[in-house]
Amino acid sequence: MFAFFIGRVYHVLTRVPPYGGCEVQYEGESSKMKHARRTIVVLLCVTMLLLMVAGCNRNEPQESQTQTESPDTTEPVRDDIVIGIAQDIDVSLDPHLMTSAASRAVLFNVFEGLVKPTPEGFLAPAVASSFEISESGDTFTFTLRDNILFHNGEPVTAQDVVYSISRVSGFYNDGTALIPAFSIVESVTAEDENTIVIKTTVPNIEFLSFLTAAIIPENYDAQETAPVGTGPYMYVSRSPQENLIFEKFDDYWGDVPSITHVTYRILDNTEALMMALRSGTVDFCSHLMSSQMAELQGLGYNFEIGTMNLVQAVYLNNAVAPFDNVEVRRALAHAINRSEIMDVLADGLGVPVGSSMYPAFSKYFTAELADYYDYDPQKAKSLLSEAGYPDGFTMEIVVPSNHGPHIDTATVVVEQLREIGVTATIRLVEWSTWIDDTYRGRNFEATVVGVDASAMTARAMLERFSSTNGSNFINFSNAEYDEVFAAAISATNDEDQVLLYKELELILTQQAANLYIQDLCDIIAINEDISGFEFYPLFVEDLARLYYK
């Protein structure tokens with residue numbers, strides 16, 4: 001009977017469950033893991049047998065004995081995580097001076113605004129415990145949380161909030177807002193030690209979305225090198241081009257993270273990144289391709305599949321010939337086969353886009369724009385001829401060298417453009433060079449990157465293409481666009497505003513401002529012992545939700 005029972009227990013306990021991701025599941029287990037598990041099961045079975053034998057003798061008189069606790073043989077749960085990222089973040093860690101999406105994704109864990117985004121796409125109170133918006137849409141009143149602290153142990157005061165909002169609004173420099181959306185701020189005042197009132201020069205029903213801007217201490221001047229915020233993780237150290245280290249903030253006002261130590265490893269070359277993943281020295285890595293996911297199967301990772309919440313495109317410098325000619329841009333738009341690009345990059349995963357909006361912003365996203373320019377090389381050649389380029393031309397595509405998907409995209413684009421007589425070459429540059437020369441210096445003809453939103457509003461995607469915007473790195477200039485944009489940001493009715501933003505997207509498409517491709521597929525590899533990951537509608541990674549099972 002005992003043998004039968006033990007056999008049944010062994011059979012049940014040695015059944016192998018599948019590895020499970022949220023949207024994809026894989027099966028597999030190494031022989032070493034199987035051997036270890038079976039050894040444990042045998043020990044459990046022997047223990048159960050001894051307990052059953054002991055149970056048979058319960059009716060026999062026993063001498064009184066002092067009970068002792070068995071030693072705890074459970075392996076301790078890890079309290080650290082290593083995250084692989086393909087590029088270092090901005091040189092300055094000042095949250096009000098961030099330029100790259102990578103910086104926003106990482107520093108999301110260190111800084112918070114009066115409100116913060118949720119995975120569901122809402123805005124939740126953060127440094128503020130509550131807020132109200134006037135019916136006129138031009139006055140925003142916030143009640144601050146009690147007993148909230150900065151990472152340096154100092155309490156967050158109303159004056160810190162006034163300072164932070166005033167700073168991004170340009171009140172402390174030449175009047176130029178550090179974040180363009182804050183140019184409409186007329187005043188920010190502390191009504192008392194817990195109440196902040198922000199007034200805008202015009203009604204703006206979406207301004208709340210930008211109040212995710214970081215609240216920082218007023219009397220602290222080392223944000224660029226040793227940032228201090230209110231988020232669930234605090235900055236510890238940085239080795240440029242090597243790593244960035246955070247620790248959980250035990251005095252965080254919300255739920256304190258489960259994982260204590262966070263190390264971001266900068267692995268800016270694909271082979272180094274894959275070597276680290278194959279060896280298991282990295283627990284979390286996003287932005288993988290489907291071929292890389294296939295290579296990592298059975299190595300202790302679960303996979304989450306979503307999109308990157310950005311618009312990948314061949315961005316064209318509209319102020320440089322021949323891209324200052326709209327017919328040339330339209331010709332190139334007909335030469336791009338986005339389906340082929342998506343198949344090469346991720347077996348067709350991702351979402352095609354036809355303008356500067358991605359699908360997570362569902363109420364603004366117009367899916368049909370992806371079909372505005374059909375793939376038609378003959379039509380492309382005809383348009384080029386009409387524009388004065390019957391024999392095509394040569395062009396250069398600048399691509400950051402640490403972004404494999406953008407490099408692969410550019411490689412396919414080069415071949416597609418060759419079909420219409422356009423000879424394109426690729427120049428790979430380091431990320432810092434791309435930021436300085438391409439983005440800030442606007443010294444380029446074409447570039448392949450992804451552009452994301454800094455806030456959960458269409459304005460964050462579309463404002464950069466207004467003629468005078470400092471982030472308009474493609475030099476797009478269109479009077480109709482500027483007029484519609486001005487109407488959109490001053491709209492007081494949500495339905496009207498949505499329609500105006502969609503009109504802006506249509507203008508970008510009709511003008512072929514860029515060669516739009518897709519919202520890239522985002523494949524994330526996560527140590528199979530870690531749970532809690534959630535996608536956001538923004539390009540962020542929320543570490544505070546992660547925990548070891």
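Is lysine 116 buried or exposed? To find out, select lysine 116, which sits in strand β4 (residues 115-117) of this predicted model. Lysine 116 counts as buried, because its relative accessibility is 17% and the cut-off for buried is under 20%.

**Around lysine 116**

Show the side chains next. The side chain of lysine 116 makes a polar contact of 2.9 Å with the side chain of glutamate 112. A polar contact of 3.4 Å links the side chain of lysine 116 to that of tyrosine 252. Leaving aside residues up to four places away in sequence, lysine 116 touches Phe122, Leu123, Ala124, Ala126, Thr212 and Tyr252. Methionine 456 is 340 residues from lysine 116 along the chain, and their C-alpha atoms are separated by 9.9 Å.

**Histidine 151**

Move to the loop between β7 (139-144) and α4 (158-168), where histidine 151 is found. Histidine 151 is buried, with a relative accessible area of 11%. Which residues does histidine 151 touch, not counting residues up to four places away in sequence? They are Val110, Val228, Gly229, Thr230, Gly231, Tyr233, Met234 and Phe249.

**Helix α14**

Select residues 494-510, which form helix α14. At 1.5 Å a residue, the 17 residues of α14 should span 24 Å, and the end C-alpha atoms are 24 Å apart, so the two values agree.

Look at the start of α14: a side-chain oxygen of asparagine 493 comes within 2.9 Å of the backbone nitrogen of glutamate 495. Past the other end, α14 is followed by alanine 512, which has a positive phi near 45 degrees.

Next, colour the buried residues of α14: Gln497, Val498, Leu500, Tyr501, Leu504, Glu505, Ile507, Leu508 and Thr509. An α-helix has 3.6 residues a turn, so residues three or four places apart point the same way. The elements covering the buried residues of α14 include α12 (459-462), α13 (479-490) and β20 (514-519).

**α13 against α14**

How far apart are the axes of α13 and α14? The axes are 9 Å apart, and the helices pack at an angle of about 160 degrees. That angle makes α13 roughly antiparallel to α14, because angles over 145 degrees count as such. The crossing of α13 past α14 is left-handed.

To finish, show the side chains where these helices meet. From α13, select Glu480, Tyr481, Val484, Phe485, Ala487, Ala488 and Ile489. From α14, select the residues they meet: Gln497, Leu500, Tyr501, Glu503, Leu504, Ile507 and Leu508.

Note on methods:
Residues are numbered from 1 along each chain as its sequence is written. This is a predicted model: local features need pLDDT of at least 70, side-chain atom pairs count only at pLDDT 80 or more; totals for chains, interfaces and linings use all residues. Side-chain values use heavy atoms; hydrogens and water are left out. Helices (H or I, at least four residues) and strands (E, at least two) are DSSP runs, numbered from the N terminus. The expected span of a helix is 1.5 Å times one less than its number of residues. Buried means under 20% relative accessible area, exposed over 50%, partly exposed in between (1.4 Å probe, protein chains only). Contact means heavy atoms within 4.5 Å. A polar contact is a pair of N or O atoms within 3.5 Å; within protein, one must be able to donate a hydrogen and the other to accept it, and residues adjacent in sequence count only if both atoms are side-chain atoms. Axes are lines fitted to C-alpha atoms, for helices over the stretch in contact, and angles run from 0 to 180 degrees between N-to-C directions. Angles under 35 degrees count as roughly parallel, over 145 as roughly antiparallel, 65 to 115 as roughly perpendicular and the rest as oblique. A crossing is left-handed if the near helix is turned anticlockwise from the far one by less than a right angle, and right-handed if clockwise.
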